[in-house]
Amino acid sequence: MAAVAKVSPGQAAGLYAAAAALRLAVFAFLPGLSDLLAARVEVSTPVTSFKRLQEGLFLYNHNVSPYDGGVYHQAPLLLPLFSLLPSFAALPLPTDLVYVVLDLLSARAIWRIADSGEAGSSALFTSPRRAKRWSGFVLAAFFLFNPFTLATCLGRSTSAFTTYAVLHAIANAVSGAPLGAMVALAFAGYLSLSPLLLLPPLVLLAYDRRRPAGPAPRSGPAFAAVCAAAVAGVLGALFLLSYLVTGSWEFLPSTYGVQLTLSDLSPNIGLWWYFFVEMFDSFRSFFLAVFWLHLSSYVAGLTLRIRRQPLVVLTLLLGIHGIFKPYPSIADTSLFLALVPLYRHVFPLMRYTFLSASVILYSAFLGPAFYYLWIYAGSGNANFFYAITLVWGLGQSLLVCDLMFAVLRDELEVERPEIVGKEIRQI
Amino acid sequence: MRQLFFSLLFCFFSSFAAAADYHEQLNLRPLPQSALLASFNFRSNISVSDFDKGNFRFFPRSLGQILQHASTRELHLRFTLGRWDAESWGARPWNGAREGGTGVELWAWLEAASHQEADHKWLMLTNALSGLFCASLNFIDSTRTTRPVMSFRPEGDHPSLANTQLLHGTLPHEVVCTENLTPFLKLLPCKGKAGIASLLDGHKLFDASWQSMAIDMRPLCRRRNDCVLQIEQTIDMVLDIDRSKRPRHNPIPRPPPADQLPCDTSKPYHARDTCFPLDHTKNQDWALSQIFGRPMKGTCPLTDPQVSPVCIQIPHSRPVYASEGAREKKNPDRISRCFFPPDPSADFDLSLPAPADPSDPEILGPGTPLLYAERSFTGYGQERGGIQTILRNPSPHKEVEFIYMETLPWFMRIYLHTMEARVAGQPAPDKSLVREVYYRPAVDRARGTQLEVRMRVPPASTVLLTYDFEKSILRYTEYPPDANRGFDVPAAVITILDASQGGKEPSPRRPAAYTLRTTSLLCSLPTPDFSMPYNVIIFTSTAIALAFGGIFNMLVRRMVAADEGPEPGLKVLVGKLKKRLGALTGRR
């Protein structure tokens, strides 16, 4: 293993403290900024908005079912969690602390993933370039000080919970705790549905990294079945608990039905909302099915083709979800961008880094401006913002494709060392 | 004994009279700023047994059959236009009980065992009334229907309301016009041919500053098993005397010549050559035939002769001239008098000359309403906004308790946790102002928001009730043709509870002392570009195809070095072509 500069505990504590202090300072001294971010469509989608969570909480605390209405579409167990905290309106600090701690825990999970070295050498594949990598400290810092992560945290979007659950699942799988990984994935799926599509690569990752002396079954299919059963069991338990908390099954159509049928067409940075605003009514169901099928079509292909590096599959799938899921936000992008630096060793093989970085930056700056022109100034129309969401999606898909190309080329170079540094083409 | 007999006899006769009678009355009341309130009231009764047998006499058969079919116990229908200017006109006629929000409003108690049955009957009722009144009442669907809990109470006497359900629907966008007046008049026994109804003319009625047409059907019981159904048709209108006096043959307002211009002489700069025009001339004289465009065509022969057809509320000190031979009856209250036309078939006219002293118009001062209410939007942009209602209690000593009811369309997602009430001038919201909240959140495309708040306003203070909402974007087929005009939000209904009655009862059960409605609002939603469904489908599909193609291209194809593998297709083709050409040139 290559030499990675050892990070002292003091440095780690310093990083976490700095990140926490920055967030708490903004919460305390610039409450206007966090309110502004909470109101942005890039941060708060109908399924992650903090304002909607507060409304759901208010209704829940006043014995009105939050699911008997069109505002609250988030998981039921968030309600008792937040109602345990002191009221946000009266004392925001505990709620803010929850979000800060979530970010720190996510950073810790990334640190564990990076330190495991799985990105460079997995059970079935070892990259010759793996020496060139960044330490967990750098990756955690990337995540914690990524403006997208900061905006998500400051906007108090509940996707922070999903991000943590996904990262925790990967970290557990990498460190040889398959059961913990499956439980965390079930939580992520419970909170926002689409992470359930990560199950196959996550099972493979957990299988590859399982401890030889562990109690897990040795054969692959048995292992996968146990993992799937664990996810299903935990999900079932969570649903049952939700049923007990809310007293009815109304939450199922309201939480997951909205994601499946896109009944709330609030603008967001994804591709779905405008497509379904403009869709002819008779084709709506057909295209909903096509879009979901499209989103799930990547799982099998990527898992089979890049079987030797399941963590790569997870990263790529997270990137794809950030573009093509029904209500994406910059939280999904920040999760993808947090994992991309794990592949520092294949960066030299990427071809369009400058282009994709500029496209993402371009749309990140122009998006809010065009949204303003449409909604507030009235000097632009919906096409302005729609065009930017298209560019944003294209920029991210360029990055996903590029990363995938680099990883595949890295695999190719192990098979055929003579090809290093040469032009290649696909046949 | 004898007294008892007489009283029994009296009871019998009066109940007989109540069982099948009809009367109509027009009440005129000059308002400040040269406005005139004209209240037309038509009332007819039918005994329940006659109604059940279908013996309709004065009660309109067309409406009666609809009510029977939909098993309606009590019905209230309103067509309203314009805004009642409470600041200058004061308290509303009938204490606000005979008016609706802008557009059409309908509420009814239906006999139904279940919600489904009630919905079914409601659908039947709205569709039938829609045909009868030429209004779009059939557009009152589930998103515009609510079941008010606290706001409305039945006016009639019902033995039991256990098996009935109250449904309420509004159409704020509906433009009330002549086609609604014609069926309204057709329900009357004299059909607008005679009596006070002959004054009603669409040109004048819908030119009024404010007008409200109401139909109320309710059962009234003197004793058990002695009930009548009463239908009351009311038209209230506030006429601008200046505008109404404009002659029919020359209806277009033109600026008068300079020397006839009415000037505000109180302005300091008023001089012979400078004039600040008055928007209305004070204290004009008027006559019925002038402001309604025609005189009253006799009296309806079916009406109760004891009830005067025309009354005017004006101090007794002012003279009022009526057609020759008319009997004038001054009421002992010294502010109203009634007229009995001499001949039921002759035209009747009434005129009020200008007061002798123009500085003292000698009209009744406007009554102070129990509450002033104003509702408006706050915020800007098409993403989110807020609603602010300003509620002012003019009374210096008495607190006002009322129920504030909002029915909002589903595409305004309100955030109830942001609702707060505070006394104007104080920075912090006051929790004690809101006593009770009933809230039923909206469901997308299925149900509107229903919000009922029981609250109070302390004496001589103003309370601001505010909450936030978010505007949603709709599917492009859900926008009306004029999408950028905005969407109408129905008026809020404020029912002031009678403080003097039912002290021991729980407060919301108390009868209403006064009802008022705010104006409706116009909410603009974000709009998509309606011209490009095809473009959006194509562009989005292209973006998806690029990503999908890019990824699957790499997944299914093998990588080789640039100089390996078979030649690319195009190169082979070009090579072949060159060979061919070379062969051709070689042969030449």
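1. Residues 271–294 of chain A have end C-alpha atoms that lie 13 Å apart, and the span is 71% helix and 0% strand; helices (H or I, at least four residues) and strands (E, at least two) are DSSP runs, numbered from the N terminus. Over residues 219–245 of chain A, by comparison, the chain is 96% helix and 0% strand, with end C-alpha atoms 39 Å apart. Both spans are among those that UniProt lists for chain A as "transmembrane region" in an unreviewed entry; UniProt positions are given in the numbering used here, feature names are shortened, and annotations may be inferred rather than shown by experiment.

2. On the basis of the coordinates: this is a predicted model, in which local features need pLDDT of at least 70 and side-chain atom pairs count only at pLDDT 80 or more, while totals for chains, interfaces and linings use all residues. Residues are numbered from 1 along each chain as its sequence is written, and chains are lettered from A and ligands numbered from 1 in the order in which they are written.

3. The model scores ipTM 0.93 and pTM 0.89. Chain B averages a pLDDT of 86, with 93% of the residues scoring at least 70, where pLDDT is the predictor's confidence in each residue, from 0 to 100. Over residues 1–20 of chain B, however, pLDDT stays under 50, and the model has 11 contacts beyond four places in sequence for them; two residues are in contact if their C-beta atoms, placed from the backbone, lie within 7 Å.

4. The UniProt annotation "transmembrane region", again from an unreviewed entry, covers residues 532–556 of chain B. That stretch of chain B is 96% helix and 0% strand, and its end C-alpha atoms are 35 Å apart.

5. The contact between the chains takes 48 residues from chain B and 50 residues from chain A. On the side of chain B, the elements that give two or more residues are β20 (412–423), α10 (533–556) and β28 (559–561), and the largest share, 16 residues, comes from α10(B). Strand β1 (residues 424–426) of chain A and β28(B) pair in the antiparallel sense over three bridges, with Arg425(A) opposite Val560(B); two strands pair if DSSP finds at least two bridges between them.

6. Strand β25 (residues 493–497) of chain B has five of its five residues buried, so it is largely enclosed by the rest of the structure; a residue is buried if 20 or more other C-beta atoms lie within 10 Å of its own, exposed if 12 or fewer, and partly exposed in between, with C-beta atoms placed from the backbone. Val493(B), Thr495(B) and Leu497(B) point one way from β25(B), whereas Ile494(B) and Ile496(B) point the other way. Strand β19 (residues 400–408) of chain B runs antiparallel to β25(B) and is joined to it by four bridges, Ile403(B) having Thr495(B) as its bridge partner. Strand β26 (residues 512–517) of chain B also pairs with β25(B) in the antiparallel sense, over five bridges, and there Tyr514(B) stands opposite Ile496(B).

7. Elsewhere in chain B, 11 strands form an open sheet of mixed pairing, in the order β5-β6-β4-β3-β7-β8-β2-β1-β11-β14-β13. At the edges stand β5 (145–146) and β13 (327–330) of chain B, each with a single partner strand, so one side of each is left without a neighbour in the sheet. Within this sheet, strand β2 (residues 35–47) and strand β8 (residues 226–240) of chain B pair in the antiparallel sense over 13 bridges, and the bridge partner of Leu37(B) in β8(B) is Val238(B).
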